[in-house]
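Subject: Structure handover

Hello,

Below is the structure I said I would pass on. My notes on its aromatic rings, cores and pockets follow.

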Amino acid sequence: MLMRTYLHNNGERVTFSAIAEPQNDFDSIKAVLKAGLAHEQYVTSLINKIYQAADKVHDYRTMQCFDWFVKEQGEEEKNADDLIKKYKMFGSDAKGLYSLNQELLARTYVAPTLVL
């Protein structure tokens, strides 16, 4: 929604299209976690391309807006990598997995704001 707001604020029309159904036939929890990390890395690559294009044409407002996304994706990749490491540590230990689940349940989302 932040990108949509940014585009609207800069006179651009935004349309949404259907997206492909995500993969849902993983053979293990570890495979799900690795796919999650790979997806975060993919999103990071897309954000980097936009940032690079904005830099090339000296579009500093877009670069400033995307500074938040660059930082956020760094956090998202670290979270996904940490989750893989914790899963490896807990393995199939039910108490460890329960503790990890409680940790994840305690996370809260704070929506970003766009100030121009």
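Phe-66 and Phe-69 are both buried. Bear in mind throughout that this is a predicted model.

Aromatic rings

The two phenylalanines sit 3 residues apart in helix α3, so about one helical turn separates them. A search of the whole structure gives 2 aromatic pairs, and ring pairs join Phe-66, Trp-68 and Phe-69 into a cluster.

Phe-69 has a relative accessible area of 10%, which is under the 20% limit, so Phe-69 is classed as buried. Trp-68, at 33%, is partly exposed.

Nonpolar cores

The largest nonpolar core has 6 residues: Leu-2, Tyr-6, Ile-47, Cys-65, Phe-66 and Phe-69. Helices α1 and α3 each supply at least two residues of this core, and α3 gives the most, with 3 residues. A second, separate core has 5 residues, among them Leu-33, Leu-37, Ile-84 and Tyr-87. Leaving aside residues up to four places away in sequence, Phe-69 touches Leu-2, Met-3 and Ile-47.

Pockets

The largest pocket has a volume of about 360 Å³. Its lining consists of 15 residues, and those nearest the centre are Met-1, Leu-2, Met-3, Trp-68 and Phe-69. At least two lining residues come from each of α1 (2-9), α2 (29-56) and α3 (60-90); the largest share, 4 residues, is from α3. By type, the lining divides into 12 nonpolar, 1 polar and 2 charged residues.

The second largest pocket holds about 260 Å³ of space. Pro-22, Gln-23, Phe-26, Ala-35, Gly-36, His-39, Tyr-42, Val-43 and Leu-46 line this pocket. Of these, 6 are nonpolar and 3 polar, with no charged residue.

Regards

Terms used:
Residues numbered from 1 in each chain as written. Predicted model: local features only at pLDDT ≥ 70, side-chain atom pairs only at ≥ 80, totals over all residues. Heavy atoms only, no water. 1 Å grid on protein atoms, 1.4 Å probe; cavity = no way out; pocket = protein on both sides within 12 Å on 5 of 7 lines; lining within 4 Å. Points joined across faces, edges and corners; volume = space filled by probe spheres on them. Nonpolar A, V, L, I, M, F, W, Y, C, P; charged D, E, K, R; others polar. Core = buried A, V, L, I, M, F, W, Y, C linked by side-chain atoms within 4.5 Å. Buried < 20%, exposed > 50% of the residue type's maximum accessible area, 1.4 Å probe, protein only. Contact = heavy atoms within 4.5 Å. Phe/Tyr/Trp six-rings, centres within 6.5 Å; stacked < 30°, edge-to-face > 60°.
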